[in-house]
Structure formats: structure tokens, C-alpha cells
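Thanks for coming, everyone. Please bring up the structure, and we'll walk through a few places in it.

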Amino acid sequence: MQELKKVAILGRPNVGKSSLFNRLARQRDAITADISGTTRDIKKRIVTISENRDFEVIDTGGIDYSTELFSKVADFSLKAAEMADIIIYMVDGKTLPSEEDRELFYKLQAMGKPLALVVNKIDNDKEEERYWEFLEFGAEATFPMSVSHNRYFNDFYAWLEALIPPREEEPEGLELTEDAEVDPFDEIIRDINSVKEETIDNEIKVAIIGRVNTGKSSLLNALLGEERSVVSDVAGTTIDPIDEMIEYNDYKITFVDTAGIRRRSKIVGIEKYALTRTTEMLEKANLVLLMIDATAGVTELDERVAGLIEKYKLACLIVVNKWDIHGDKTYEEVVEEIRDEMKFLHYAPLITISAKTGLRVNKILDQVTEIYKRYTQRIPTSELNDTIREAIRRHHVPTHNGAVVNIKYATQYETKPPKIALISNRPEFIHFSYKRYLSNFLRSKFDFEGVPLDIVARKRGERFDDDE
């Protein structure tokens, strides 16, 4: 006889696994077989879709990462998944993606079996925006669904149909027999609802970058409150990479790779080396202190470094050092020059200091922590969409060759930096200038000072991709 595919439904408590199980079981008038599990926590049915595709669906008990039973429950869940041919992992679309869901999903993904992420409880069109936030899991197949309202099932069934072969014609008299197997589940699996404490993101990695002899080491020493780097008037005297960590206002601030951006006596190929070194530092950091020498102004190398900060989408504070000897230019003139030369970093606030005398250095750590809060913030979806709708009312999305381009809704799907997806019927025709308009409008409504915004346009159901 034809061996049936086994489809296991896994997920945490109260995400709708049993409801999906029952919905699948009702897809035909008569159930071919009724195989009871050995405990109350598991059910099996042999069901049919598309009239001639039979498979065995397995409903497992809820799994909760926050209990002390985690290790045993996880083992049982993985065993059930290992026995299955196809895995469905369900999440609650009315909540934000959780670390528990991510960890279990990635373990299942590593098995290399067909795996779908089903985002349940998307009960109407307005709630579809929440589905987008789960695309960050990187599943090959992700489906919005409302099991209770019987919505959005077509794509899900099409995915199953592609994996389950049609029924083979069998001679009369043959009966289905179940495989002899030991059910991996025990009464230890139970539906326990508990709330995981939200993880506090309080570790900031800061890179102090800039041209040689702009005062990076002096600033680091002033921030740390002691002499930890060699400071002299000779350009490039800091040689070895250094990581230093301090605690400030409940934050752990690590200054990454605080060596100068060129080695002592390294003259040949200075710009190439400087940019390579800076790039390595930026890959480690999430916030940058960009040092500008007030006595020298902005150079071409400074502009190129600013472009790298924008490329890596990092939070930034522009630090203008040596303000005690900056010369005759007014503050307004210096700011205008920097803004004009560093258009990439239009979002970065600017502070003038003297690392040597300590002028305003004490304000930098407060700036760092405030910028990082904004870098990690998540705008509630309802507030985000209210703001986008207001922006669209003021300035409609331009048409493309007469074709109407609509933005259906927006959602923030990531932080560090804040990343916002515009769900549109024609995302490819939303011009970068309109995204810039929306970005500026969002900045006028929410505090994103020091933080880049990453706005992408996608069709509904399309996975996001940073390469836009």
C-alpha cells in the first residue's frame, strides 16, 4: 500500500493547533481512520485534501519554553517532528514574534524537512500587517491564517498539495494499517500559559572613528575617566586594538577596537588602510561617535567615512572636537558646513567638545544612551499606520504611467535600525524620493534623532530582503 505522509502541527500553547487539526479533519465527509494517541496531548487523523491526497495529521500538545520542563518537552517535540515528513509550526499572530518561537522554529528548520510557518489569528484584512513581522524568521513558506474564520487557506492548501502525492489506486480488500511506533509524548506535555519577561537590550557597542589626530584617544580617556590609551601629538600613536567597557545609567557601553585608524608611520596607502580599518570597526558596532577636528573641518576622508556609517545603517553622534581652539567660525557656520558636506548623516545630532579640557564631554554618554533607545525602539503598528495615512493624505503616492500605486499598510519588522515595510499593490513603483518623504514625515512625528530609518516596499506575503 501507499505509505502516507505524516504532517505534524507544533507550536506553543493557545496558538490554534487543535483548531487547525480539526479544520483539516473536516475536509472530507468521512474520516478514513481514527488513530487515537496514547495520551490526551496528542491526536491523529488520516484526512484527505483535493479529493485524492491522503495524509496523517498529528496534533501535538502545547510547548512552553519558560517552564522548568523545557528540556523534556523540547525533546518530545523534536522527536515528533523527526517522525514527521512535513512540519507545520504555528504562532499567534496577535503577538509579536518571541524568542521561544524563534529558537524552536530554527531547530525544526535545521531538520531539512518541508516546514511552514503559519501565523494564526489574522482575522481580517486590517490585521494582515502583523503577519509581516513574522517574516523575519526566514521560513521558506510563511502563511497568514485565521482558522476560526476559515480565511487565507488557499495558499496553505496549495503548499500541502505540492508535497503530498495523489492517492494510488488500490485493489479492493486492502485496509490501512498503522505503523508500529512508540508515541514520544507523555503527560509531561501540558498547556501552560506563562509570560516570559521581556529581555532588556542594554548593551551598546560604540566605535569612535575619525581621521588620525582628531582626538579619539583623548576622548576615550575622558569618557573612561582614566588614562587607558597612549595620547600624544604624533599622528597614529595608538597601535593595538582595545575594547573598553563601562557601566552608565544601567547600560553597558563597550568601546570597540579603539585603536587609531592607521598604524604609526603607515604612510603609504593611508586612505585605503583607514577605510578598511574603519569598516572592520563598523561591523562590530551599532553606534558611532564620528570625530571631526574643528580646526581642520570636513575632509574627503570624513565624507567617505560618513557614507560607510550610512551604508551600515548605524546610529551616530557627530563629535566636533578641539572646540576650545576652533578659530573664528561661529557654531552656526561650522554646523552648516558639516551638514552640507555630510548629507548622508542628516539624521545625526552634533555636539561640540574639547576632549583636552573636558568641555561638554560629560554630555556624550547621555547622548549615546538616548540615541540607542531610539535605535532599538518599536513604533506600535496602529500609530505607524495612522502616521503613514496622514502622510499619504498630504501627498499621495505618485502614479506610474497612469497606474495607481497604493500603500495598503505599513509595519515595523525590525529594530537596530528601525526597519519599516510598506505593503503595496505595486511596490516596485514607489520611488525613493517618496520613501524619503515618508521618512522625513515619520521623523516629524516620532523621535528618531541619531537613528537611520530603513524603508522597503513589498507586496503582501512577499519576504523582505535588505537588498533593495
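Start at Lys205: its opposite number in strand E9 (251-255) is Thr254. Strands (E, at least two residues) and helices (H or I, at least four) are DSSP runs, numbered from the N terminus. E7 and E9 run parallel, joined by four bridges. Two strands pair if DSSP finds at least two bridges between them.

A word on the source. This is a predicted model: local features need pLDDT of at least 70, side-chain atom pairs count only at pLDDT 80 or more, and totals for chains, interfaces and linings use all residues. Residues are numbered from 1 along each chain as its sequence is written, and side-chain values use heavy atoms, leaving out hydrogens and water.

Back to E7. Five bridges join E7 to E10, also in parallel. There, Val206 has Leu287 as its bridge partner. Is E7 enclosed or open? Six of its eight residues are buried, so E7 is largely enclosed by the rest of the structure. Buried means under 20% relative accessible area, exposed over 50%, partly exposed in between (1.4 Å probe, protein chains only).

Next, helix H6, residues 216-224. Seven of its nine residues are buried, so H6 is largely enclosed too. Among them are Leu219, Leu220 and Leu223. After H6 comes Gly225, with a positive phi near 85°.

Most residues other than glycine have a negative phi, and most peptide bonds are trans. Asn249 has a positive phi of about 50°. Asn249 is partly exposed, at 49% relative accessible area. Lys416 and Pro417 are joined by a cis peptide bond, omega about 0°.

Note on methods
Contact means heavy atoms within 4.5 Å.
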